[in-house]
Amino acid sequence: MTANILFAGHPDAWPAYEPLLKAELARLGVDSDLRNEFAPEEVDYIVYAPSGPVSDFTPFTRLKAVLSLWAGVEKIVPVVPAELPLTRMVDSGLEQGMTEWVVGHTLRYHLGMDAHILGQNGHWEPKAPPLAKDRSVTVLGLGALGTASAKALAVLGFQVSGWSRSQKDIAGITCHSGAEGLKAALAQAEIVILLLPDTPATENTLNAETLALLPKGARILNPGRGPLIDDDALLAALDSGQVGHDTLDVFRVEPLPPEHPYWAHPNVTVTPHIASETRESTAAEVIAENIRRTEAGEPLLHLVDRSLGY
Ligand code: NAP
């Protein structure tokens with residue numbers, strides 16, 4: 001039977017996705033009809049983003065799965081009926097983009113680029129940075145993006161630790177889990193990178209108590225989600241010098257409101273949620289493969305665990 005697929009991502013993305021998805025579905029031999037408009041009761045699969053046209057799933061009475069174009073699903077989990085399979089986006093383009101953002105901003109801190117490029121004010125003050133092997137970096141979240149980023153940092157020679165819900169064993173990374181593991185992961189962290197999902201269990205992972213565990217002057221990169229950090233606690237830690245500098249890509253409210261203190265703080269860099277984005281060509285492969293799997297009765301890749309919220 002023909003699988004009817006509704007593209008319900010952002011309307012501007014349809015022209016790019018249509019030929020890529022159609023080609024990939026044909027390559028995989030999936031008998032399908034892909035459109036950006038369908039009578040809801042005829043739809044088998046929704047390719048989904050919250051920025052698209054679908055917010056109410058009740059008219060879609062024969063859906064087999066919802067396939068998210070986004071990696072972070074905190075806005076999607078509450079709206080997709082719990083009994084429907086929901087997959088999130090894991091693809092090589094997202095991993096490569098995030099790895100580049102994390103490595104670039106880590107090297108800015110590690111090499112002291114601001115001091116050497118911007119801050120000399122005509123003074124010749126040679127102070128070489130340590131080697132990466134003498135710099136400790138911690139990645140909170142060792143999923144698709146955290147693991148890819150941690151591995152790239154380890155290749156550069158950094159001492160890399162990571163923390164996740166379940167215990168991992170990754171070559172070259174010191175892996176921690178659980179509440180005690182978080183303390184151990186933070187205690188040595190000169191640079192902390194947040195790549196956790198936004199769930200009730202991860203909210204305010206960095207708070208007054210956990211920020212106090214960091215070595216004084218630690219740097220923080222947050223390309224994960226805004227609610228992972230208690231903003232008031234972070235601003236206090238910046239003002240006391242406990243935290244030396246942050247680079248924040250994600251916020252509780254986006255766009256970050258003009259009056260937010262992060263904009264004006266001298267020790268905060270704001271980037272506008274650009275750390276990594278879903279790339280159409282690699283995303284189309286993942287979506288088409290999951291439709292093929294469902295039609296063939298095989299298990300879906302990258303299923304969201306609805307009880308955990310990621
Ligand atoms: P993922 O594969 O689901 O990995 C999530 C990691 O967080 C896993 O290691 C997981 O542990 C860990 N984790 C979850 N809950 C935890 C808890 N309560 N305590 C400790 N560890 C916990 O997700 P991903 O693909 O790497 O993406 C991570 C996040 O990046 C996304 O959720 C999204 O918010 C964000 N993101 C941002 C951008 C951007 O442009 N800024 C782009 C894409 C994604 P287990 O391994 O034990 O499950």
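Author: The structure holds 5 aromatic pairs. One of them joins Phe57 and Phe60, whose ring centres are 6.3 Å apart and whose planes meet at 50°, so this pair is tilted. Rings of Phe, Tyr and Trp (its six-membered ring) count as paired if their centres lie within 6.5 Å; planes under 30 degrees apart are stacked, those over 60 are edge-to-face, and the rest are tilted.

The model is predicted, with local features requiring pLDDT of at least 70 and side-chain atom pairs counting only at pLDDT 80 or more, while totals for chains, interfaces and linings use all residues. Residues are numbered from 1 along each chain as its sequence is written, and side-chain values use heavy atoms, leaving out hydrogens and water.

Phe57 is buried, at 4% relative accessible area, and Phe60 is also classed as buried, at 11% relative accessibility. Here, buried means under 20% relative accessible area, exposed means over 50%, and partly exposed lies in between (1.4 Å probe, protein chains only).

A further tilted pair is formed by Phe251 and Tyr262, with 6.2 Å from centre to centre and 50° between the planes. Phe251 belongs to the loop between strand S11 (243–248) and helix H8 (261–264), whereas Tyr262 belongs to helix H8, so the pair ties together parts that are 11 residues apart in sequence. Helices (H or I, at least four residues) and strands (E, at least two) are DSSP runs numbered from the N terminus. Both partners, Phe251 and Tyr262, are buried; for Tyr262 the relative accessible area is 1%.

Tyr262 touches several residues beyond four places away in sequence, among them Ile229, Asp231, Leu248, Phe251 and Val270. Contact here means heavy atoms within 4.5 Å. Although Asp231 and Tyr262 are 31 residues apart along the chain, 9.0 Å separates their C-alpha atoms. Elsewhere, ring pairs link Phe7, Trp14 and Tyr17 into a cluster.

Asn222 is part of strand S10 (residues 218–222), and its relative accessibility of 1% makes it buried. A polar atom of the Asn222 side chain lies 2.9 Å from the backbone nitrogen of Gly224. A polar contact is a pair of N or O atoms within 3.5 Å; within protein, one must be able to donate a hydrogen and the other to accept it, and residues adjacent in sequence count only if both atoms are side-chain atoms.

Gly224 leads on to the ligand: one of its polar backbone atoms is 3.4 Å from a ligand oxygen. Ala144 places a backbone N or O atom 2.9 Å from an oxygen atom of the ligand, and Arg165 places a backbone N or O atom 2.9 Å from a ligand nitrogen. Of the 940 Å² of accessible area that the ligand has on its own, the protein covers 92%. Helix H2 (92–111), helix H4 (144–155) and strand S7 (159–164) are the elements that give two or more residues to the shell around the ligand, and H4 gives the most, with 3 residues. Accessible areas come from the Shrake-Rupley method with a 1.4 Å probe; for residues, only the protein chains shown count as cover.

In total, 30 residues surround the ligand, the closest being Arg88, Ser166, Lys168, Ser276 and Tyr310; a residue is near a molecule or strand if one of its heavy atoms lies within 4 Å of it. By class, the shell has 15 nonpolar, 10 polar and 5 charged residues. Ala, Val, Leu, Ile, Met, Phe, Trp, Tyr, Cys and Pro count as nonpolar, Asp, Glu, Lys and Arg as charged, and the others, Gly among them, as polar.
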